[in-house]
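Trainee: Could we go through this one together? I'd like to know what backs up each label before I repeat it.

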Amino acid sequence: MESPKTELEIFSPLLIFEYIRLMSVAAYISAEGKIDGAKFKISASDYERLMQEPLQTALIGIDTHYENDVLTAVPTAKCLERYEHKVMKEGVLQYRENYGKRYAKYISFIE
């Protein structure tokens, strides 16, 4: 998996949903489940644009809550089961490393 050279220029809800999913899972794996949720900074207008997208399948198994420009995402136990295998775990951690800043124009992971 190559690291992209630039930030995403075009707002793509589907890519951002996948980003939320994978970054949330990576945060849980890195913290060994000892966090209350992965947090993302996203403006109210961009959040509303996301929620208008009818295809939100990437968020299945991710509980979300939005308040004061912060989106909290919590992977369910069922979602996390998928990433117990070594290959899946390594893939999601590599995604975090390569794509962590890719969507910063619209959403950013709060460390």
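Mentor: Let's take the labels one at a time, keeping in mind that this is a predicted model.

Trainee: What makes up the secondary structure of the protein?

Mentor: There are 4 helices and 4 strands. Going along the sequence, the pattern reads α-β-α-β-β-α-α-β.

Trainee: How do you know that the radius of gyration agrees with a compact globule?

Mentor: Set the value against the rule, which is 2.2 Å times the number of residues to the power 0.38. For 111 residues that puts a compact globule near 13 Å, and the protein has 13 Å, so the two agree. As for the box, the C-alpha atoms fill roughly 35 × 30 × 25 Å along the principal axes.

Trainee: Why are E2 and E4 said to stand at the edges?

Mentor: The sheet is open, with 4 strands in the order E2-E3-E1-E4 and antiparallel pairing. E2 (62-67) and E4 each have a single partner strand, so one side of each lacks a neighbour in the sheet. From one strand to the next, the twist averages 25°.

Trainee: Which helix packs on the sheet and touches E1, E2, E3 and E4?

Mentor: That's H1 (residues 13-30), whose direction makes about 65° with that of E3. H2 also lies across part of the sheet, over E1, E2 and E3, at about 110° to E1. Look at E1 itself: Ala38, Phe40 and Ile42 form its covered face, while Lys39 and Lys41 are on the uncovered one.

Trainee: Which residues touch the most other members of the largest nonpolar core?

Mentor: Ile16, Tyr19, Ile20, Phe40, Tyr103 and Ile107, out of 32 residues in that core. H1, E1, H2, E2, E3, H4 (86-99) and E4 each supply at least two residues, and H1 gives the most, with 10. Take Ile16: leaving out residues up to four places away in sequence, Ile16 touches Phe11, Leu50, Tyr103, Tyr106 and Ile107. In soluble globular proteins, nonpolar side chains tend to be buried together.

Trainee: Why is Asp46 called buried?

Mentor: Its relative accessible area is 11%, and buried means under 20%, so Asp46 qualifies. Asp46 lies in H2 (residues 44-51). Not counting residues up to four places away in sequence, Asp46 touches Phe11, Lys105 and Tyr106. Across the protein, 40% of the 111 residues count as buried.

Trainee: What about Glu32: buried or exposed?

Mentor: Exposed: the cut-off is over 50%, and Glu32 has a relative accessible area of 62%, so the label holds. Glu32 lies in the loop between H1 and E1.

Trainee: And why is Asp69 called partly exposed?

Mentor: Buried needs under 20% and exposed needs over 50%; Asp69 has 29%, so Asp69 falls in between. Asp69 lies in the loop between E2 and E3.

Trainee: What is the phi of Glu32, and what is the phi of Asp69?

Mentor: For Glu32, phi is positive, about 50°, although Glu32 is not a glycine. Asp69 has a positive phi too, about 65°, and is not a glycine either. Most residues other than glycine have a negative phi.

Key:
Residues are numbered from 1 along each chain as its sequence is written. This is a predicted model: local features need pLDDT of at least 70, side-chain atom pairs count only at pLDDT 80 or more; totals for chains, interfaces and linings use all residues. Side-chain values use heavy atoms; hydrogens and water are left out. Buried means under 20% relative accessible area, exposed over 50%, partly exposed in between (1.4 Å probe, protein chains only). Contact means heavy atoms within 4.5 Å. Two strands pair if DSSP finds at least two bridges between them. Axes are lines fitted to C-alpha atoms, for helices over the stretch in contact, and angles run from 0 to 180 degrees between N-to-C directions. A nonpolar core is a set of buried Ala, Val, Leu, Ile, Met, Phe, Trp, Tyr and Cys residues joined through side-chain atoms within 4.5 Å.
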